[in-house]
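Please look through the structure below with this briefing beside you, taking one topic at a time.

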Amino acid sequence: MYSLQYHLVWCTKYRKKVLKDGIDAECKEMLYDFVEEYKFQILAMEAMPDHIHLLVDCRPQFYISDMIKIMKGNIARQMFLAHPELKTELWGGHLWNPSYCAVTVSDRSRKQVCSYIEGQKEKQ
């Protein structure tokens with residue numbers, strides 16, 4: 001039995017505000033597809049114009065660094081194919097900044113983290 005929950009955040013390259021005008025929704029959809037394939041659960045998610053917040057519950061077999069690398073790589077590849085215009089704003093062929101933030105979340109703090117993530121759009 002396990003309960004491994006992480007609050008994950010990663011930013012677009014140069015903090016460019018490119019996740020807008022429907023691209024944010026496409027990005028979320030891609031993440032939900034990824035979840036089905038890799039068998040973990042998204043408890044909360046929000047795509048801001050220049051970064052993404054996720055609260056995930058995953059199996060202990062997942063290395064968070066590998067999971068994020070796969071998510072960021074797959075999303076970037078699909079986004080550049082669907083929206084080649086992104087390359088004009090993000091020179092160098094990278095959608096994401098190479099860094100990320102991963103914070104463990106306990107059952108006690110999960111509700112607070114979910115509220116924080118879901119309230120991100122309101123703070124804009």
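Helices (H or I, at least four residues) and strands (E, at least two) are DSSP runs, numbered from the N terminus, and two strands pair if DSSP finds at least two bridges between them. This is a predicted model, in which local features need pLDDT of at least 70 and side-chain atom pairs count only at pLDDT 80 or more, while totals for chains, interfaces and linings use all residues. Residues are numbered from 1 along each chain as its sequence is written, and side-chain values use heavy atoms, with hydrogens and water left out.

**The sheet**
- The open sheet is formed by 4 strands in the order β2-β3-β1-β4, and their pairing is antiparallel.
- Because β2 (41–47) and β4 (101–105) stand at the edges with a single partner strand each, one side of each is left without a neighbour in the sheet.
- Strand β1 (residues 4–11) runs antiparallel to β4 and is joined to β4 by 5 bridges, and H7 stands opposite V103 in β4.

**Around V113**
- V113 lies in helix α4 (residues 110–118), and V113 is buried, with a relative accessible area of 15% (buried means under 20%, exposed over 50%, partly exposed in between, with a 1.4 Å probe and protein chains only).
- Not counting residues up to four places away in sequence, V113 touches H7, L55 and V105, where contact means heavy atoms within 4.5 Å.
- Although V113 and Y6 are 107 residues apart along the chain, their C-alpha atoms are separated by 9.8 Å.
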